[in-house]
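Dear colleague,

Please find below the structure I am handing over to you, with its sequence.

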Amino acid sequence: YFEAWTSMLYSDVYTLNLDPETEEKLNGLNKKILAIEIDFNQLVIKKISLESNDKNKNSLKQLKHIDNFQQFWIVSQNSLKAEYCYNFAEFLIKKSSFEKSIYYFKKSASFYREAAKKSIHAQHKMKLLNFANQTNKRIQFIQERSNQNQCNVLTPPLKKLVIHLKKLPDALSPRWKIIFSRLTILSFVAWCLT
């Protein structure tokens, strides 16, 4: 029973879709993680009764299995949140929502740091801190890009002015006259009519 319960918790974690495309899906992921947390807490309460029973070989095996999930969950809870916040931020960039994406990148970096604090394995801790640093670099890059885009929005591209010059053939001295192309004349006429 306990082994099946723990296996279900693992499968619930591994079946999470960490690529939300809307805030509703993001909130749905938060609810699923909360549901896993509640289910796990109920398992821990039941674990107490297993601990109070005689310590046979099967009970010890089940306790170790539950403890392994507990250590896994302590770190995974935050790293999962970090991952789906990061993925959602990347999705927002595709939609040109830079300010919102920066907000979710910051949340992601925070969750990665929190997961690193709770990790007991040095290599895993370094990996999570590296993810947090990469996320911070991504934030800086997006901020620079959004600043460049804002500058481009404030200064629209200028239209080119085209002037055609033509020498009059019968003139004694070289004189130049400005003439308009057909396209310029037609656009001027259309402007006058509106």
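Along the sequence, the elements of the protein chain run in the order α-α-α-α-α-β-β-α, that is, six helices and two strands. Please note that this is a predicted model.

As to the chain overall, buried residues make up 30% of its 194 residues. The accessible surface amounts to about 14200 Å², and carbon and sulfur atoms contribute 58% of that area. Among the contacts with a separation of 6 or more, 61% join residues 24 or more positions apart.

A pair of aromatic rings is described by the distance of the centres and the angle of the planes. Counting rings whose centres lie within 6.5 Å gives eleven aromatic pairs. One of them is formed by Phe69 and Phe72, a tilted pair with 5.7 Å centre to centre and 50° between the planes. Both residues belong to helix 3 (residues 57–94), where they are three residues apart, about one turn of the helix. Phe69 counts as buried because its relative accessibility is 0%.

Phe88 and Phe91 form another aromatic pair, this one stacked, with 6.4 Å centre to centre and 20° between the planes. Because Phe88 and Phe91 are three residues apart in helix 3, about one helical turn separates them. Phe88 is buried, its relative accessible area being 2%.

Finally, Phe69 and Phe72 also belong to a cluster linked by ring pairs, together with Tyr10, Tyr14, Phe40 and Trp73.

With kind regards

How values were computed
Residues numbered from 1 in each chain as written. Predicted model: local features only at pLDDT ≥ 70, side-chain atom pairs only at ≥ 80, totals over all residues. Heavy atoms only, no water. Phe/Tyr/Trp six-rings, centres within 6.5 Å; stacked < 30°, edge-to-face > 60°. Helix = DSSP H or I, 4+ residues; strand = E, 2+ residues; numbered from the N terminus. Buried < 20%, exposed > 50% of the residue type's maximum accessible area, 1.4 Å probe, protein only. Contact = heavy atoms within 4.5 Å. Areas by Shrake-Rupley, 256 points an atom, 1.4 Å probe, with all protein chains shown as cover.
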